[in-house]
Amino acid sequence: MKHIDIPVDEKTIRGLGVGDEVALHGVIVLARDAAHKLMIEKRPDFIRPHLTGGVIYHCGPIMLEKKGVWSVVSAGPTTSIREEPYEGTVIAEYGVRAVIGKGGMGPKTLAALKQQGAVYLHAVGGAAVYLAGFVRSVPGVYMLDELGIPEAFWLFEVDGFPAIVTMDARGRSLHVKVDRASSRAFDALIGK
Amino acid sequence: MRKILQETFLEMIRRAATDLPPDVEGAIRRASKAEERGSTAAGALGILLENVAMARAESRPMCQDTGTNTWWIHHPVDVTAGTVKAAVLWATRRAVRLGYLRPNAVDSVTGENSGDNTGVGQPVIHLEQRARAGMAVDVLLKGGGCENVSGQAALPDFSIGAGRDLDGVRKAVLKIVDFAQGRGCAPGVIGVCVGGDRVTGYELAKQQLLRPLTDRSPDRVLARLERTLLKESNELEIGPMGFGGKTTILAVKAVKAHRLPASFFVTVSYSCWSLRRAHVRIARGKPTFSDTSFLLKAGGR
C-alpha cells in the first residue's frame with residue numbers, strides 16, 4: 001500500500017504502476033458528467049486551486065444536511081468512460097495528478113496521463129458505505145444549486161481512501177489488457 | 001389504507017437500498033472463495049461483502065446510485081390505481097429526505113434535478129388489477145452504470161455469425177456481456193428476453209432480475225440456455241470490476257416472448273452485483289415482507 005498526500009507531485013505519480021494499491025490523504029474534488037462539461041466549456045477558476053496537483057473523483061454522492069453541515073451517506077465511484085471526451089483536456093488544463101473512478105477510461109485519457117504525469121485509480125464500484133467511511137469532512141461544495149446533489153463539485157477531505165492504479169503514466173492500462181483477453185475468449189466462443 | 005401503503009412502500013425502499021438479499025450476498029460470497037487468494041478480484045469481492053454488512057448495520061444505501069425505482073404492483077379492485085401511485089410518490093419523496101434514495105431525476109432538456117427523485121416517467125410503476133383481495137408488490141432499484149451497458153440485438157447479426165436461432169441468441173448475449181467489461185459493476189446478473197418487441201423485450205428482461213438467483217427456468221430449453229450463458233460469460237474472465245478473474249456474471253435468468261415473423265430481438269438487462277429488490281404482500285391491512293417475489297413465478301410472469 002502506497003500512501004499519497006494531496007496535493008501530489010509529478011515524480012510521485014510517475015513512480016506508480018498498474019496494480020499498485022494506494023491510500024489517499026487530503027482533499028479530493030468530486031466531479032462527474034455536468035461538472036466535466038462545465039470545466040471544458042467555461043474553464044472555471046473557482047476549482048483551480050483544488051485541482052492543481054489534485055485528484056478528481058467520479059462520484060455523485062448521497063449527502064444529508066443538518067444545521068448547515070453536510071455529511072456523506074454513500075459515496076462510491078461512478079462509471080468513468082462517460083468523461084472520456086473531456087478528461088484529457090481537464091487533466092492538462094488544471095494540472096490534475098489522479099482521477100478516481102470505475103470501469104477505466106479510453107485511449108485519449110491514457111495518452112494524457114502519460115504526457116501530463118497522472119494516473120487513473122480504480123475504486124471498488126458499489127462499495128459506497130465502505131468508501132464513505134474514509135471521508136473525514138466536507139470542507140466545501142461548488143455549484144450545488146445549479147447542478148444538484150449528485151452533480152455538484154463536492155470537496156471531500158479523505159484519510160486513507162483506497163484505490164488501485166489501473167492506468168499509469170507509462171501508458172499501461174489493465175483495462176486494455178483484460179479487454180484484449182476477453183475479446184480472444186469471445187472470438188473462440190462464437191467460433192471466429 | 002393510504003397510511004399502510006405509504007409506510008410499507010417506504011420500508012420496501014429502505015430494505016432494497018440498504019439490505020442486499022441473501023441469495024445475492026450468498027452468490028458473491030461463493031464467488032469470493034472461487035477467486036485466487038490475494039488477487040485483486042478477491043480483494044474487490046471482499047470489500048463488497050464488507051460494504052454490504054456496513055450498509056445493513058447502519059441502514060445506509062449500499063450504493064450511492066439508488067437508480068431507477070421500478071415497481072410492479074398487483075392491487076385489488078377496491079384500491080384504485082390513483083391511491084397506489086400517490087403512495088409510491090409519497091414514499092419516494094420521503095426516502096430522499098431520509099437519505100435512502102439519491103435525488104435521481106434530471107430534466108433531460110433543462111438539466112435541472114427535480115430534487116425529490118420524481119419526474120416524468122420516474123419512478124416507473126407497473127400496475128395490474130387483480131380479482132383477489134390483498135396486494136403483492138415488488139420493487140427494484142437499478143443503477144445507471146449497469147443500465148447503460150444493457151443492450152438489445154436484432155438477429156441476425158452477421159458480424160458475429162449470429163443467426164435467428166438459439167445459438168444466435170447465445171452469441172448476441174455474449175457480445176453484450178463482453179462489451180460491458182467491468183463497467184456495469186461486475187460481477188453482474190443478467191436478465192435475458194428472447195423475442196418480444198423492443199419494449200417488452202427490455203421490460204421482461206428487467207423483470208427476470210426479480211427471480212431468486214438460485215432458481216432456474218421451468219422451460220428446459222431456457223434452463224439450458226441459462227447454464228450455458230453463465231458458464232461461457234465467465235470464460236470471458238472479465239472478472240469483478242473488470243479486474244480480470246473467474247467471476248464475471250453471478251447468474252443468468254432467461255425468459256421468452258412471442259415475436260413477429262420479421263423481428264427477432266434478444267434483450268439483456270444487466271444488473272450490477274448490487275441487485276437491490278424488495279417484496280411484500282399486503283393482506284387485511286398487514287404487510288408481510290419476503291426475500292422472494294410474491295408476483296413472479298419462476299421463469300416468467
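This report walks through the fold of chain B and a hairpin in chain A, both taken from a predicted model.

## Ground rules

Residues are numbered from 1 along each chain as its sequence is written, while chains are lettered from A and ligands numbered from 1 in the order in which they are written. In this predicted model local features need pLDDT of at least 70, side-chain atom pairs count only at pLDDT 80 or more, and totals for chains, interfaces and linings use all residues; side-chain values use heavy atoms, with hydrogens and water left out.

## Chain B as a whole

Let's start with the overall picture. Chain B holds eight helices and nine strands; these are DSSP runs numbered from the N terminus, with helices being H or I of at least four residues and strands E of at least two. Its radius of gyration, taken over C-alpha atoms, is 19 Å, close to the 19 Å that the globule rule (2.2 Å times the number of residues to the power 0.38) gives for 301 residues, so chain B is as compact as a globular protein of that length. The C-alpha trace spans about 55 × 50 × 40 Å along its principal axes.

Of the 301 residues, 58% count as buried, meaning under 20% relative accessible area with a 1.4 Å probe and protein chains only. Chain B exposes about 12500 Å², with carbon and sulfur atoms supplying 53% of it; the areas come from the Shrake-Rupley method with a 1.4 Å probe. Among contacts (heavy atoms within 4.5 Å) with a separation of 6 or more, 78% join residues 24 or more positions apart.

E5 (residues 188-195) of chain B pairs with E6(B) in the parallel sense over eight bridges. Val194(B) has Lys256(B) in E6(B) as its bridge partner.

## A hairpin in chain A

In chain A, strands E4 (residues 62-66) and E5 (residues 69-74) pair in the antiparallel sense over five bridges, and Leu64(A) stands opposite Ser71(A) in E5(A). The two strands form a hairpin with two residues between them, and Lys67(A) in the turn has a positive phi of about 50°.

Conventions: Pairing = 2+ DSSP bridges. Buried < 20%, exposed > 50% of the residue type's maximum accessible area, 1.4 Å probe, protein only.
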